[in-house]
Amino acid sequence: MLQKKGIFAIVGLVLVFAVVHLALPPEQHGPRTTGTVMLGGIAFLLMTSSIILSTRLEVFEDWFGGLDRMYQVHRVAGVFAALTALVHFFGVPKELPEGVDPVANAIFPSGPLGMLGLIFLVIGLFIALNRKIRYSRWRPTHKVMGLVYFLIIGHFMTAPGIFFERFSASGIILIIAAAVGLVALFYSVFGMNKRTALPFEIEAVNALERATEVVLKPVGKMLDFKPGQFAFVEVEGKGWNETHPFTISSAPGEDKLRFTMKVLGDWTRKVREELQPGGKVQVRGPYGRFDASHAGKKQIWLAGGIGLTPFLSKLRSMAKGDDRQIHLVYAAREEQDAIFLEELKDRAAELGNVTIVPLFSDEGNFARVDMMKVKLPDPLGTYDYFMCGPKPMVDGIMKDLRSEGVSRSQIHTEAFEFR
Ligand SMILES: Cc1cc2nc3c(=O)[nH]c(=O)nc-3n(C[C@H](O)[C@H](O)[C@H](O)COP(=O)(O)OP(=O)(O)OC[C@H]3O[C@@H](n4cnc5c(N)ncnc54)[C@H](O)[C@@H]3O)c2cc1C
């Protein structure tokens with residue numbers, strides 16, 4: 001669930017900047033310049049927030065409720081930054097104000113830098129929001145945003161004094177933000193991946209129905225994770241130059257790490273067809289806050305297809321005597337698609353507190369809130385809900401639960417996409 005702490009931090013930063021800017025404007029500014037410069041500053045702070053969120057730092061996972069939520073806010077902050085920058089661009093007076101030396105202004109090219117930054121920002125935004133562009137092509141082009149950040153810093157640091165007072169109170173906020181943003185940018189490009197990477201060796205590649213289970217043994221240190229967390233997997237070797245996120249389907253404490261990967265596109269197909277035992281893999285993580293251990297005692301787990309993986313890890317790690325009452329609804333297209341169903345049933349029988357409810361859409365059975373209302377022993381509002389599966393399924397159930405009066409704080413979801 002999206003935690004509000006991070007959102008409050010971003011909104012608070014923007015408000016503090018706006019209040020300081022309006023309360024202590026440099027004397028020579030007219031109201032139009034004050035207003036449009038403020039919008040430019042807000043755009044820059046939103047961009048900085050967006051960059052900070054791309055560092056994947058653990059503290060921000062706590063503030064926002066997981067990495068998938070951080071990327072959602074990263075995207076929204078980017079969109080608002082571009083929109084605010086556009087209003088700033090069209091609003092700011094184009095003629096040089098009295099008192100600004102045109103020669104000095106020509107030497108310090110604030111205008112062209114800002115214009116270039118804005119063009120790249122809008123192109124970058126178009127690319128970022130275009131879901132038709134394949135992820136593997138999208139990711140490198142998205143990195144152009146780093147360049148935009150440099151251009152925007154150049155833009156406001158070389159703006160004529162009449163537009164932007166670098167050492168006014170609000171100017172100092174922007175300079176501090178720029179310093180933090182640059183550190184975050186360098187860290188996310190050069191440091192982030194190295195910090196969390198652990199080497200593994202492939203022990204087995206098991207073909208399942210439309211999915212592949214990859215079993216890894218640690219070369220050195222084992223990854224320390226909680227059930228439901230995910231990691232980025234990078235296979236070493238020629239032609240494997242992409243990193244993909246997967247939920248860890250094994251239990252913490254096992255001496256192997258297991259990932260269950262649905263065959264979806266080029267990379268997951270290559271995993272199934274070409275990955276061999278003995279190969280080397282880098283695993284980066286763990287990430288995610290899809291944690292059911294601190295929720296209420298009555299829980300509904302809803303897994304759609306490969307969305308089973310976080311629940312698999314949770315069930316594999318659950319100790320006998322767990323005092324929660326759990327109903328795992330496992331929705332799949334047909335019975336043979338429901339991988340690990342036998343293991344789940346055995347595990348449920350062993351544990352005693354878990355009920356498995358398989359639903360197959362080819363038999364006309366779908367996960368539906370009206371059915372849950374009839375079949376569950378207690379009212380819907382007394383449960384906590386954990387959902388992972390296709391977006392239409394998750395959104396539909398979420399909407400129906402909300403209209404049945406289930407509070408948003410009782411519904412927890414894990415998105416299998418960052419865009
Ligand atoms: C937090 C999280 C946990 C996930 N856990 C699992 C899991 O346990 N099992 C499983 O089968 N799948 C899981 N996925 C989805 C998995 O990452 C994609 O299915 C896989 O990366 C597809 O790669 P592809 O090239 O084969 O397919 P493509 O057809 O290229 O991609 C299909 C979709 O996967 C996403 N995707 C592709 N490449 C990447 C990438 N490098 N990084 C992020 N997203 C990407 C994009 O949204 C894309 O539209 C998870 C995703 C996320 C974000």
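Val19 sits in helix H1, where helices (H or I, at least four residues) and strands (E, at least two) are DSSP runs numbered from the N terminus. With a relative accessible area of 54%, Val19 is exposed; here buried means under 20% relative accessible area, exposed over 50%, and partly exposed in between (1.4 Å probe, protein chains only). From Val19 to Phe232 there are 213 residues in sequence and 41 Å in space, C-alpha to C-alpha.

The model is a predicted one, so local features need pLDDT of at least 70 and side-chain atom pairs count only at pLDDT 80 or more, while totals for chains, interfaces and linings use all residues. Residues are numbered from 1 along each chain as its sequence is written, and side-chain values use heavy atoms, with hydrogens and water left out.

Now for the overall picture. The protein chain has 14 helices and 11 strands. Taken along the principal axes, its C-alpha atoms fill a box of roughly 80 × 50 × 35 Å. The chain runs to 419 residues, and 49% of them count as buried.

Next comes the nonpolar core, meaning a set of buried Ala, Val, Leu, Ile, Met, Phe, Trp, Tyr and Cys residues joined through side-chain atoms within 4.5 Å. The largest one holds 45 residues, and Phe44 and Leu67 are the members that touch the most others. Quite a list of elements gives two or more residues to this core: helices H1 (4–23), H2 (31–53), H3 (58–64), H4 (67–91), H6 (110–129), H8 (144–157) and H9 (169–196), plus strand E3 (230–235). H2 gives the most, with 10 residues. Because domain 1 (4–194) and domain 2 (195–287) both give residues to this core, it lies between them; the domain bounds come from an automatic or database domain assignment.

Then there is the ligand. It is surrounded by 21 residues, and the closest are Thr243, His244, Pro245, Lys262 and Thr268; a residue is near a molecule or strand if one of its heavy atoms lies within 4 Å of it. Strand E4 (243–247), strand E5 (257–262) and helix H10 (266–274) each supply at least two residues of this shell. The largest share, 5 residues, comes from E4. By type, the shell divides into 11 nonpolar, 7 polar and 3 charged residues. In that count Ala, Val, Leu, Ile, Met, Phe, Trp, Tyr, Cys and Pro are nonpolar, Asp, Glu, Lys and Arg are charged, and the others, Gly among them, are polar.

Some pairs of atoms can be picked out here. A polar contact is a pair of N or O atoms within 3.5 Å; within protein, one must be able to donate a hydrogen and the other to accept it, and residues adjacent in sequence count only if both atoms are side-chain atoms. His244 has a polar side-chain atom 2.6 Å from an oxygen atom of the ligand. At Pro245, a backbone N or O atom lies 2.7 Å from a ligand oxygen atom. On the nitrogen side, a ligand nitrogen atom is 2.9 Å from a polar backbone atom of Thr260. Taken alone the ligand exposes 880 Å², and the protein buries 87% of that; accessible areas come from the Shrake-Rupley method with a 1.4 Å probe, and for residues only the protein chains shown count as cover.

Most residues other than glycine have a negative phi, and most peptide bonds are trans. The peptide bond from Gly285 to Pro286, however, is cis, with omega near 0 degrees. Gly285 counts as buried because its relative accessibility is 10%. Val205 is 80 residues from Gly285 in sequence and 21 Å from it in space, C-alpha to C-alpha.

Positive phi values turn up in loops. Arg210 has a phi near 55 degrees and lies in the loop between strand E1 (197–208) and strand E2 (211–218). Its relative accessible area is 34%, so Arg210 is partly exposed. Phe340 has a phi near 65 degrees and sits in the loop between strand E8 (325–332) and helix H12 (341–351). At 16% relative accessible area, Phe340 is buried.

The Arg316 side chain makes a polar contact of 2.8 Å with the side chain of Glu343.
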